Amino acid sequence: EAIFHALIRKNLGCTHFFIGRDHAGVGNYYGVYEAQELALRISAAKDIGIELFLIHEPYFCRKCDQIVTAKHCGHTGENVVPISGTRIRQALINSQPPQGNLMREEVFDALLSLGEKVFIGGTK
């Protein structure tokens, strides 16, 4: 599905495509980074005409005091605060800013100002 999405974006003129953790996943049916692994194998075997960026799951690091990924931060344990996409979507639906360590206020305000133009997994 990640490759299919990448090809659609390519056909619409995009040159790069990001594949995150559990891309278009179905619960825990697939492994966390399995879509990335498959996309790499397919794109290595055949040039699909779009550059893939493989993104690791972001989290807020208390020690770094910012949102990071494991690629840029090696802190673990109590320093790691997971970011919940579900909580962020719920905050947008309810017009209630999420905790500061999940999203900067100005980003939240910008998304909220788009109103109904943005599909955020539900309706107001």
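I began at the end of a helix: just after α3, S95 takes a positive phi of about 55°. I note that this is a predicted model, so the confidence comes next on my list.

**Confidence.** I looked up the pLDDT of the protein chain and found an average of 84, with 92% of the residues at 70 or above, that is, scoring at least 70.

**Layout.** I counted elements and got four helices and five strands in the protein chain. Read from the N terminus, their order is α-β-α-β-β-β-β-α-α. I took the box of the C-alpha atoms along the principal axes and noted roughly 45 × 40 × 25 Å. For contacts between residues at least 6 apart in sequence, I found that 36% join residues at least 24 apart.

**Helix α3.** I went back to α3, which spans residues 85-93. Which of its residues are buried? I listed I88, A91, L92 and I93. I kept the helix geometry in mind: with 3.6 residues a turn, residues three or four places apart point the same way. I then checked what lies over the buried residues of α3, and the cover includes α4 (105-113).

**Aromatic rings.** I searched for aromatic pairs and the structure holds one. The partners are F18 and F53, with ring centres 5.2 Å apart and planes at 20°; planes under 30 degrees apart count as stacked, so I logged the pair as stacked. I placed F18 in strand β1 (residues 16-19) and F53 in strand β2 (residues 51-54). The two are 35 residues apart, and the pair links distant parts of the chain.

**Surface.** I looked up the accessible area of the protein chain: it exposes about 8,800 Å², and carbon and sulfur atoms supply 54% of that. Of its 124 residues, 24% count as buried. I then looked for a nonpolar patch and recorded one of about 320 Å², made by F4, I8 and L12. I located L12 in the loop between α1 (2-11) and β1. L12 has 66% relative accessibility, and because the cut-off for exposed is over 50%, I marked L12 as exposed.

Methods: Residues are numbered from 1 along each chain as its sequence is written. This is a predicted model: local features need pLDDT of at least 70, side-chain atom pairs count only at pLDDT 80 or more; totals for chains, interfaces and linings use all residues. Side-chain values use heavy atoms; hydrogens and water are left out. pLDDT is the predictor's confidence in each residue, from 0 to 100. Rings of Phe, Tyr and Trp (its six-membered ring) pair if their centres lie within 6.5 Å; planes under 30 degrees apart count as stacked, over 60 as edge-to-face and the rest as tilted. Patches are made of residues with over 30% relative accessible area and no salt bridge: like charges are joined within 9 Å, nonpolar side chains (Val, Leu, Ile, Met, Phe, Trp, Tyr) within 5 Å. Accessible areas come from the Shrake-Rupley method with a 1.4 Å probe; for residues, only the protein chains shown count as cover. A salt bridge is a side-chain nitrogen of Lys or Arg within 4 Å of a carboxyl oxygen of Asp or Glu. Buried means under 20% relative accessible area, exposed over 50%, partly exposed in between (1.4 Å probe, protein chains only). Contact means heavy atoms within 4.5 Å.
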